[in-house]
Amino acid sequence: MIDVTNFLRSCFFLLPFYRCITSQVGYIRHILNNEQKKSDFRPEDGALAPGFTSACTHATNYLSSQLQHILQCVDGKNLQTCLMELGTRFHRVLLDHLQQYTYTYSGGMVVICDVNEYRKCIKKFKVPVLDLLMEVLHSLCNMLIVAPENLRQIVSEEAHLASIDRQVVLNFIQLRSDHKTGKLAKILNF
C-alpha cells in the first residue's frame, strides 16, 4: 500500500526540479534550433570545417553551467534523479535535432566532433546510463561517414547498433547525402 502523504511530499519536492529541467532543456533546444545552420553539416566543396560548431559550443557551455548549479544545490538520490532526467532529455533533444539535417561526408565529420563534445559534457554527470546513450548516438553518427560498401558490416558488428531498432538505424542512414544515389537501403537489405 502506498503512503499517500509521503508520495505527495515527494511529488511536491520534485516538481520544481522537473520544471527547471524542462526550462533547461527548452533553452538547449532553442540554442540548437537558432544557432545550428544547415551549412554546418554540408560544407561547400567538401571542405572540412574546423572542429565543432558554434551551436555545440554554446549548448555545452550552457549545459556545463547548469550542471554546476545542480551540483551546488542538490545532493544524494535527488542529485542522481535530476542528472538522469536532464541527461535523458538532453539526449532526446539532441537525437531529434540531428535528424533534421542531411550530412555530406565532411558534415558527418563535423557532427562527430559535435557529438564528442556532447559526450565529454555528459561524462561530467557521472551517470553510466547517460554515457551509454551518448555512445549509441556516436555509433549512429559514425554511420554518416562509413563507406557505403562497409555499412552492412558496421551495422551487424557494432555492438551499440546491433542492439537498437533497425528503423532507427535506417533513419540515420537516410540522413546521408548519398542515401538515394548509393541505394544504401538496398545494400543493407532493409
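Helices here are DSSP runs of H or I with at least four residues, numbered from the N terminus. The model is predicted, so local features need pLDDT of at least 70 and side-chain atom pairs count only at pLDDT 80 or more, while totals for chains, interfaces and linings use all residues. Residues are numbered from 1 along each chain as its sequence is written, and side-chain values use heavy atoms, with hydrogens and water left out.

**Stop 1: Met-84**

Select Met-84, in helix α3. Met-84 counts as partly exposed because its relative accessibility is 30%; buried means under 20% relative accessible area, exposed over 50%, and partly exposed in between (1.4 Å probe, protein chains only). Beyond neighbours within four places in sequence, Met-84 is in contact with Val-127, Val-129 and Leu-130. Contact means heavy atoms within 4.5 Å.

**Stop 2: Ser-64 and Ser-65**

Ser-64 is buried, at 17% relative accessibility. Setting aside neighbours within four places in sequence, Ser-64 is in contact with Cys-121 and Lys-124. Ser-65 is partly exposed, at 28% relative accessible area. Show its side chain: the side chain of Ser-65 reaches the backbone oxygen of Tyr-62 at 2.7 Å.

**Stop 3: the aromatic cluster**

Select Phe-41, Tyr-101 and Tyr-103, which form one aromatic cluster. Rings of Phe, Tyr and Trp (its six-membered ring) pair if their centres lie within 6.5 Å; planes under 30 degrees apart count as stacked, over 60 as edge-to-face and the rest as tilted. By this rule there are four aromatic pairs. One of them joins Phe-41 and Tyr-101 edge-to-face, with 5.2 Å centre to centre and 65 degrees between the planes. This pair links distant parts of the chain, 60 residues apart: Phe-41 sits in the loop between α1 (4–35) and α2 (54–73), Tyr-101 in the loop between α3 (76–98) and α4 (105–123). Both Phe-41 and Tyr-101 are buried.

**Stop 4: α5 against α8**

Finish with helix α5 (residues 128–142) and helix α8 (residues 166–173), whose axes come within 9 Å and cross at roughly 45 degrees. Axes are lines fitted to C-alpha atoms, for helices over the stretch in contact, and angles run from 0 to 180 degrees between N-to-C directions. The two helices are therefore oblique to each other: under 35 degrees is roughly parallel, over 145 roughly antiparallel, 65 to 115 roughly perpendicular, and the rest oblique. Show Leu-137, Leu-140 and Cys-141 in α5; they meet Val-168, Val-169 and Phe-172 in α8.

Key:
A polar contact is a pair of N or O atoms within 3.5 Å; within protein, one must be able to donate a hydrogen and the other to accept it, and residues adjacent in sequence count only if both atoms are side-chain atoms.
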